[in-house]
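Open the model in your viewer and keep the selection panel at hand. Each stop names what to select and then what is there.

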Amino acid sequence: MEQPSHQGASEVWICFPLRRDNFNEAEYKPKSGKDLKMAQQAQEKYQDSYLYKIRHSAAHVMAQAVLEIFPDGKPTIGPPVENGFYYDFDLPRNLTTEDLQAIEKRMRQIVQGKHDFKKTVISAEEAKKIFADQPYKLELIEGLEQGGFDEYGNPLDEKPEISIYQQDTFTDLCRGPHVENTKEIKPDAFKLMSVAGAYWRGDEKNKQLQRLYGTAWENKKQLEEYLHQLEEAKKRDHRKLGKDLEIFIFDEEVGPGLPLWLPNGGILIEELEKLAKEMEEKAGYDRVRTPNVTKEDLFIRSGHLPYYAESMYPPMELEGVKYYIKPMNCPMHHKIFGSKGRSYRDLPVRLAEYGTCYRYEKSGELFGLMRVRSMQMNDAHIYCSEEQFEQEFMGVVELYKKYFELFGIEKYVMRLSLHSKAGLGKKYVNNPELWIKTEDMVRRAMDNGGVPYVEADDEAAFYGPKIDVQIWSAIGREFSLATNQVDFAVPERFDLKFTNSEGHDEVPLCIHRAPLSTHERMVGFLLEHYAGNFPVWLSPEQVRVISITDEQNDYAESIAKELRENGIRASADLSSQRMNAKIRNAQMMKVPYMIVVGKNEMEAGQISLRVRDGSQQNGFALSEFIVRAKDRISRRSADL
RNA sequence: GCCGACGUAGCUCAAUCGGCAGAGCACCCGCCUUGUAAGCGGGCGGUUACGAGUUCGAUUCUCGUCGUCGGCUCCA
């Protein structure tokens with residue numbers, strides 16, 4: 001599988017939800033125009049809102065404050081985004097957090113000056129005069145004049161009018177809308193959040209600007225709620241939960257992006273693999289295994305080296321031959337497919353492997369378990385004929401849906417990633433006809449299957465279009481969890497073929513798929529999704545037996561032993577702590593079941609059950625509990 | 001990789017202006033024998049990420065390296 005495409009451009013979506021349970025499809029909208037087909041109506045809704053005007057206006061006030069400090073600074077763009085706004089400047093020096101405080105203070109003074117926002121529609125010539133010493137604004141005006149590019153450099157449908165907005169001493173090229181007067185921006189309802197570098201027009205080759213982020217709300221209470229929400233989100237961040245629940249660690253000496261799985265994490269992985277193997281066996285997959293190191297030749301043939309050498313660990317050379325650590329499994333699977341003659345009767349061939357791959361992600365791109373340098377993919381490649389394509393492709397989509405139902409994942413968006421004409425021959429295999437054909441095939445398959453999706457231009461894999469499943473981390477970052485990709489290019493490079501019913505050679509299509517993502521990203525996601533409260537089947541420790549006094553230690557241990565003999569992960573807490581402390585510890589480790597045994601239970605040969613949700617039930621037979629637990633585990637139930 | 005911030009015990013954090021590095025939890029030992037989210041006492045634990053520099057003296061100031069975090073970029 002090429003990749004469970006990594007952390008999606010948080011740049012692309014501006015209106016993602018902070019928390020998935022707050023997800024509001026109506027607010028899901030594209031920022032850059034890359035994804036224009038995505039919920040355009042929703043964008044209009046946000047743009048029409050009062051909050052949008054407040055944030056947009058706050059950005060102008062911030063620009064005024066910044067330019068007072070740096071009269072030679074060059075303003076660029078400053079739009080509202082989810083929860084706030086930013087403004088990018090080209091300044092004589094880099095900003096620090098101290099500057100932030102000074103700017104914020106000055107902003108408070110400005111808004112209390114009660115200045116009106118005045119709009120004036122002007123011609124391109126007038127605009128060029130007004131912004132004569134502002135190169136970025138001039139570039140924007142050019143774009144507007146040429147009938148239109150928006151501030152991100154994306155084409156507009158119709159030629160826009162050019163307007164300026166003025167408040168107090170500040171004038172900006174702007175289409176609005178704004179609030180009437182700065183007094184509508186409450187001095188206690190906004191806050192500057194951070195300073196960051198950002199490239200002009202989002203292009204690394206351009207100059208890096210200074211970006212200031214702020215958040216703004218209608219009133220103080222809303223701001224406080226938002227800040228509180230941010231704190232709450234941190235609590236379910238997988239990096240915190242992973243540490244608290246002893247799932248994984250990173251060690252400086254091992255290296256960035258290279259997680260060490262602790263025993264509890266090992267259990268999660270085992271359970272996920274068990275699940276995948278069961279499902280894939282039912283769906284007709286064959287399991288294969290391939291090496292982690294491969295000769296350079298293989299990646300030259302696959303086309304990965306010319307396109308992606310930058311993301312691969314550099315080669316090691318032995319006896320004059322270069323070897324690479326594999327960044328993906330597909331070339332090896334292609335080799336396995338090609339290892340013998342195939343008949344159309346053999347198709348589809350489905351080769352699965354939880355392969356370990358390594359990718360050299362740039363240091364600044366790493367993000368807990370979600371973006372790592374070593375990963376194990378729920379990988380498989382399906383080789384099929386064109387006629388089989390739709391059924392196979394939808395079979396994978398059905399598999400996703402089964403998994404998502406099992407995990408109770410409801411907030412996600414399926415995204416069809418397409419090529420761009422401009423990228424042909426560079427990012428994408430240069431075969432425009434095949435691109436259009438396969439994109440149509442995917443679209444038709446999704447439409448026929450009644451699966452909703454959005455389209456994204458210029459996001460495809462180099463060898464074909466793909467469907468990614470987009471989800472959000474606790475702190476609101478978007479990334480692709482699962483992926484389902486069409487490959488119309490690589491089978492040919494590998495000379496893959498099968499004999500069709502006419503007796504002629506035909507090149508198969510290949511579907512790369514990773515419905516369970518990578519172990520790293522999946523566990524990271526599930527930690528946040530469940531806030532650490534895993535269903536019983538996934539819980540590293542399913543039952544903790546708690547003795548009230550040491551009189552019951554043997555009884556407690558015998559219960560734990562019996563549970564383990566029944567395939568239930570159980571331990572007994574025989575420490576000298578009081579029962580209350582033992583319960584607290586088990587609760588904090590989010591153990592789903594606590595069995596409490598004291599004098600009464602021991603005498604009656606029974607147990608008391610405390611469930612993670614706080615409910616309890618006394619005078620229970622152990623056998624009865626075992627039936628309940630085994631039922632939850634075998635059905636992978638969400639119930640406790 | 002780029003911009004900004006941060007790095008003190010296993011964890012969460014403190015240490016005034018540059019003046020003997022501290023607390024809670026965890027861990028170990030003991031006491032208590034306990035009824036549904038922390039019983040009590042004692043002990044162990046540190047080259048303040050690493051390396052230079054300034055200084056009589058550096059956790060504190062400066063520089064470099066490594067790592068983490070918030071963004072940008074990237075993302076097979």
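Select glutamate 280 and show its surroundings. Leaving out residues up to four places away in sequence, glutamate 280 touches Tyr285, Arg287, Ala352, Asn378 and Arg513; contact means heavy atoms within 4.5 Å. Glutamate 280 is placed in helix α8 (residues 263–282). Helices (H or I, at least four residues) and strands (E, at least two) are DSSP runs, numbered from the N terminus. Is glutamate 280 buried or exposed? It counts as buried, at 1% relative accessibility. The cut-offs are under 20% relative accessible area for buried, over 50% for exposed and partly exposed in between, with a 1.4 Å probe and protein chains only.

A note on conventions. This is a predicted model, in which local features need pLDDT of at least 70, side-chain atom pairs count only at pLDDT 80 or more, and totals for chains, interfaces and linings use all residues. Residues are numbered from 1 along each chain as its sequence is written, chains are lettered from A and ligands numbered from 1 in the order in which they are written, and side-chain values use heavy atoms, with hydrogens and water left out.

Next, select strand β8 (residues 208–216). Of its 9 residues, 7 are buried, so the rest of the structure largely encloses β8. Two strands pair if DSSP finds at least two bridges between them. Zoom in on glutamine 210 in β8. Phenylalanine 89 stands opposite glutamine 210, and glycine 197 has glutamine 210 as its bridge partner.

Switch to the aromatic rings. How many aromatic pairs does a search of the whole structure find? There are 21. Rings of Phe, Tyr and Trp (its six-membered ring) pair if their centres lie within 6.5 Å; planes under 30 degrees apart count as stacked, over 60 as edge-to-face and the rest as tilted. Select phenylalanine 337 and tyrosine 383: the ring centres are 4.5 Å apart and the planes at 25°, so this pair is stacked. Phenylalanine 337 belongs to helix α11 (residues 330–337) and tyrosine 383 to strand β16 (residues 374–384), so the pair ties together parts 46 residues apart in sequence. Phenylalanine 337 is buried, at 1% relative accessible area. Tyrosine 383 is buried too, at 0%.

Last, select Phe248, Phe250 and Trp261, which ring pairs link into a cluster.
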